[in-house]
Amino acid sequence: MNIETILSIIFVYCFLYKKNRRDIIITIKSLITSIISNYLLLTDDKFFKIYDYKENEVNSLYLYPMKIFYFYIFFEIYDNLFQLRIDFTIHAILVSLSMILLKYYQLSHCLTIAVLMDTSSIFLVYVKESFLYKILFISTFFIYRIIIFPLYSYMYFINKYDKIVTYDINFHTFSMIIIFSITLLNIYWFHKIIIIVLKEFR
C-alpha cells in the first residue's frame with residue numbers, strides 16, 4: 001500500500017467520522033511535511049537551491065509533500081470557504097496555484113521548501129491547551145515564516161533576478177508573485193498573533 005492510498009483513507013475517515021477532524025488532519029499533514037522538510041534542510045546540501053535540479057536528480061523524499069498536499073488542499077479549501085475564513089481561503093488558493101505551477105513545470109520537489117513553514121502548524125491547533133504550545137507556536141511561526149522563508153525568498157530572487165525581472169512571463173516570475181503573496185499573508189498573521197498576545201498580557 002503506497003502513501004497516497006494510506007493518506008486518502010486517513011483523511012476521508014477523519015473528514016467523515018471525526019468531530020475534531022480539522023485538528024487531526026492539520027496535525028497529520030503538518031507532522032509529516034515538517035519532518036520531511038526539516039530533515040532535508042539539515043541533511044541535504046541541495047536544499048536551498050533545489051530549484052536548480054530536476055525531479056529525478058533529488059532525494060525522493062522531496063516528492064512526498066506534494067503527494068500529501070494533493071489530499072489536504074481539497075479539505076482546506078472546503079473547510080475554510082464554508083466557514084468564511086477569508087485569509088485561510090486565500091492561503092489555500094495560493095497553495096493550489098503553487099501546486100499547479102510546480103506540477104506543470106515538473107518541479108514538484110520545490111514545494112518542500114515552502115512546507116518548512118508547516119512546522120509552526122503542528123502547534124497551531126493546540127495553542128489553547130497550554131502556555132507551552134503558545135510559546136512553541138509563536139516561536140516556530142517567527143523562525144520559519146518570518147525569518148527563514150523570506151530569507152530563502154530573497155536568496156531565490158537574487159539568484160534568479162535575470163529570469164524574474166523580465167518582460168517574458170515564466171516559472172520564476174509566477175513563483176515570485178506567489179512567494180511574495182504568501183510572505184505578505186504570513187506578516188499579516190504574525191501581526192494578528194502579536195496583537196492577541198499583547199491583549200493577554202494587559
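How many aromatic pairs does the count come to? The count comes to 15 aromatic pairs. The model shown is predicted.

**View 1. The largest nonpolar core.** This core holds 38 residues. Phe69, Leu102 and Tyr156 touch the most other members. Elements giving two or more residues to the core include α2 (21-43), α3 (64-82) and α4 (86-104). Also among them are α5 (111-114), α7 (131-159) and α9 (171-201). Helix α4 gives the most, with 6 residues.

**View 2. Contacts of Phe69.** Leaving aside residues up to four places away in sequence, Phe69 touches Lys29, Thr33, Val95, Met99, Leu111, Val115 and Asp118.

**View 3. A second, separate core.** Nine residues make up this core, including Phe137, Phe141, Leu185 and Ile193. Phe137 and Phe141 both lie in helix α7, 4 residues apart, about one turn of the helix. Their rings form an edge-to-face pair, 5.7 Å centre to centre, with 65° between the planes. Phe137 counts as buried because its relative accessibility is 10%, under the 20% limit. Phe141, at 3% relative accessibility, also counts as buried.

**View 4. The pair of Phe157 and Tyr161.** This aromatic pair is edge-to-face, with 5.5 Å centre to centre and 90° between the planes. Phe157 is partly exposed, with a relative accessible area of 26%. Tyr161 is partly exposed too, at 40%.

**View 5. A ring cluster.** Ring pairs link Phe47, Phe48, Tyr51, Tyr62, Tyr152 and Tyr156. Tyr156 also belongs to the largest nonpolar core.

**View 6. Charges over rings.** The charged end of Lys46 sits over the ring of Tyr53, 4.7 Å from its centre. The charged end of Lys67 sits over the ring of Tyr64, 4.8 Å from its centre.

Methods. Residues are numbered from 1 along each chain as its sequence is written. This is a predicted model: local features need pLDDT of at least 70, side-chain atom pairs count only at pLDDT 80 or more; totals for chains, interfaces and linings use all residues. Side-chain values use heavy atoms; hydrogens and water are left out. A nonpolar core is a set of buried Ala, Val, Leu, Ile, Met, Phe, Trp, Tyr and Cys residues joined through side-chain atoms within 4.5 Å. Buried means under 20% relative accessible area, exposed over 50%, partly exposed in between (1.4 Å probe, protein chains only). Contact means heavy atoms within 4.5 Å. Rings of Phe, Tyr and Trp (its six-membered ring) pair if their centres lie within 6.5 Å; planes under 30 degrees apart count as stacked, over 60 as edge-to-face and the rest as tilted. A charge sits over a ring if NZ of Lys or CZ of Arg is within 6 Å of the ring centre and within 35 degrees of the ring normal.
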